[in-house]
Amino acid sequence: MAPKQLPAVLLATCATLLALAAPLLAGDPDMLQDFCVADYKSLDGPLRLNGFPCKRPENVTADDFFSAALAFPGNTGNPVGSMVTAANVEKLPGLNTLGVSLSRVDYAPWGVNPPHTHPRATEIIYVLEGSLDVGFVTTAGKLFARTVCKGELFVFPRGLVHYQKNNGGAPAMAISAFNSQLPGTQSLAVAMFGASPPVPTDVLARALQIDGGLVEAIKSKFPTK
């Protein structure tokens, strides 16, 4: 093979490898069997996996694929006026390896689901009651925002900071779907001001360009766990 042909061959090889890897990078790994119901008891032992080990098939029942977790409204009597109820693999063992999950979000009047990210999933939200002001911010700092009314959808791309706000004086409710059995949620405020051990005050003061005393005052509203 002539030396000048080598870069083209390497480029083609890299493109092929990236194409083959794309399904693995897009979300949770594909399953290799009909189901793999999470065996929570196995977590008591020394084995640790990226996910959950499978129950033996003879121990699986229909209840492993059922949940009424989203049937009841969440308690929105908190400072932000919203409550997220998750139906993920930690609550519904039959979701293990299936790469999907849901959440119910209840909003008090004018309640907010504060800015947060889902590091492992894209989210699509469907408004069932009321209307929401929603938005996400790109890595370039651009805000995409609009109002989403009852019966409408909005997509939050994976990993980007986003929020929702009930824009009315009555309760609202939405269902969120994710392309991960455990999408993860990281609240920006909690990450900065409620981490354990805490993020140094001087770091936050300089990053946010505010006084250290104000940082401490905000930290007091987010007690560490």
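Visitor: Where is S101?

Guide: This is a predicted model, and in it S101 sits in strand β2, which spans residues 101-107.

Visitor: Buried or exposed?

Guide: S101 is buried, since its relative accessible area is 5% and the cut-off for buried is under 20%.

Visitor: What does the side chain of S101 reach?

Guide: The backbone oxygen of S180, at 2.7 Å.

Visitor: And which residues does S101 touch, leaving out those up to four places away in sequence?

Guide: Among them are A87, N88 and L95, along with S176, A177, F178 and P183.

Visitor: New topic. Which residues does the UniProt "binding site" annotation cover?

Guide: According to the UniProt record, an unreviewed entry, H116, H118, E123 and H162. They are spread over 47 residues of sequence but cluster in space, with a largest C-alpha distance of 11.8 Å. The lining of the largest pocket includes H116, H118 and E123.

Visitor: Which strand is H116 in?

Guide: Strand β3, residues 112-117. H116 is buried, with 4% relative accessible area. A polar atom of the H116 side chain lies 2.6 Å from the backbone oxygen of P114.

Visitor: With which side chain does H162 make a polar contact?

Guide: With that of H118, at 3.4 Å.

Visitor: Switching to charges. How many salt bridges are there?

Guide: The count is four. One of them joins E58 and R56, with the closest N and O atoms 2.6 Å apart. E58 is exposed at 54% relative accessible area, and R56 is exposed at 56%.

Visitor: What about D106 and R104, buried or exposed?

Guide: Both are buried. Their side chains meet in a salt bridge at 2.9 Å, N to O.

Visitor: Which residue does E129 pair with?

Guide: K150, in a salt bridge whose closest N and O atoms are 3.7 Å apart. The pair links distant parts of the chain, 21 residues apart: E129 is in strand β4 (residues 123-129), while K150 is in the loop between β6 (143-149) and β7 (153-156).

Visitor: Why is K150 called exposed but E129 partly exposed?

Guide: K150 counts as exposed because its relative accessibility is 54%, and exposed means over 50%. E129 has a relative accessible area of 39%, so E129 is partly exposed.

Key:
Residues numbered from 1 in each chain as written. Predicted model: local features only at pLDDT ≥ 70, side-chain atom pairs only at ≥ 80, totals over all residues. Heavy atoms only, no water. UniProt positions renumbered as here; feature names shortened; annotations may be inferred. 1 Å grid on protein atoms, 1.4 Å probe; cavity = no way out; pocket = protein on both sides within 12 Å on 5 of 7 lines; lining within 4 Å. Helix = DSSP H or I, 4+ residues; strand = E, 2+ residues; numbered from the N terminus. Buried < 20%, exposed > 50% of the residue type's maximum accessible area, 1.4 Å probe, protein only. Polar contact = N/O pair within 3.5 Å; in protein donor to acceptor, adjacent residues only side chain to side chain. Contact = heavy atoms within 4.5 Å.
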